Each structure stands twice: as structure tokens, then as C-alpha cells.
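Dear colleague,

I am handing over the structure we spoke about, and my notes on it follow below. Please read them with the model open beside you.

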Amino acid sequence: MDLLVLKEVILDEEYEKYLPISKNDKLIVDIGAGFGDFSILTAKKYPQAKIYAFEPDKIYFSLLKYNLRFNKCTNIIPINKVVTSLEEVFSTTREKGVDFLKIDCEGCEFAIFKEAERESLKRIGKIVMEYHSYEILRKVKKTLIMNGFEIKKIFPRRILNENIGLLAAT
């Protein structure tokens, strides 16, 4: 699976293909950072950005910290924590807003948005997230649209499971 992740993130640039990061994106949050693939690639391409990398799994978190040291990424702040809401992201980082939010949390996407306050959603510029079911996609899409986001792209992946894909919104 890790090789597939590297292919999707590094070679295919899936998270940036549909909603590119720009030099103006100063604050990036990576929920479900895994071993750091997206965070490290982004840190190298955009050294001016500050990146918060949330990863709850202790093994992947250890790999994330190792990979940050190995790649000399000083603009990434690793956080070993489960994210259950947007409010939790803002209270943990103490940041006023997020320019680019990447989410790949293995089916917990809707939980993060379910109770999101409108004010928290207004503090986010761009969202690219992986979804794990059409039901989650439908619910998240509805929540985002109701809060002023425009859905830019929905891209189903047909590699492992027909219900997995990406959603990009601004």
C-alpha cells in the first residue's frame, strides 16, 4: 500500500492536480499524514509554508518523524493526534486560518465536518480530501456547499475500491 500511496502523491500529484497549492498558501494542514509523503513533498516545493502534519498511528508517526529528519524538513510540525473536528485543528495549531487542507483519514472524513461550525469552515481556503464511500462524499459535499464552498472536482479512484476518490473544494 505504501508504494501505491507514493505513486499517487508523488508521481501523480493527486492532491495538487485538481487544486494546486500556490506560493501564497502559507499554512497547510495534512490530516492523515501517514509517513509524510504529502507533507514532505509540499515542504520541499513550498519552503515558505508552515505545515502541520497530523498522524494518529504511532508506527506511522515514528516513520513521519524519521522521514522529516532524513529530508531535513524544518517547516513541518508533526502532531501525533486523532483529528475529530475542524475546531480541534484550530485549537491544536492555534492558527487563525488554513490556506490548504489535505485530508486522508481512512473513512473519518465526515466526522471532521459533521459538527463543523460555519466560522471554522470560513477559515479554510482550499480543501482536497480523500473520501471512502459515496455516502460520506454526499454528506461532506452537502456540508461544504451549504457553507459557501464550491466543489471544483470529484475524482473517483478505480484502483482498489470504486467508492474511494478525491474531492477538491474552494
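**Notes on the model**

Arg94 sits in the loop between α5 and β4, where helices (H or I, at least four residues) and strands (E, at least two) are DSSP runs numbered from the N terminus. This is a predicted model, in which local features need pLDDT of at least 70 and side-chain atom pairs count only at pLDDT 80 or more, while totals for chains, interfaces and linings use all residues. Residues are numbered from 1 along each chain as its sequence is written, and side-chain values use heavy atoms, with hydrogens and water left out.

Arg94 has a phi near 60 degrees, which is a positive value in a residue other than glycine. With a relative accessible area of 73%, Arg94 is exposed; that word stands for over 50%, buried for under 20%, and partly exposed for what lies in between, using a 1.4 Å probe and protein chains only. Lys72, which is not a glycine either, has a positive phi of about 55 degrees, and its place is in the loop between α4 (58–70) and β3 (76–79). Lys72 counts as exposed, at 68% relative accessibility.

Turning to the chain as a whole, there are eight helices and seven strands, and buried residues make up 51% of its 170 residues.

The largest nonpolar core has 30 residues, of which Ile31, Leu101, Phe113 and Leu144 touch the most other members; such a core is a set of buried Ala, Val, Leu, Ile, Met, Phe, Trp, Tyr and Cys residues joined through side-chain atoms within 4.5 Å. Among the elements that give two or more residues to this core are β1 (27–31), β4 (98–103), α6 (109–114) and α8 (134–146). If neighbours within four places in sequence are left aside, Phe113 is in contact (heavy atoms within 4.5 Å) with residues including Leu86, Ile103, Met129 and Leu144. A second, separate core of 18 residues includes Ile21, Phe38, Ile40 and Phe61.

With best wishes
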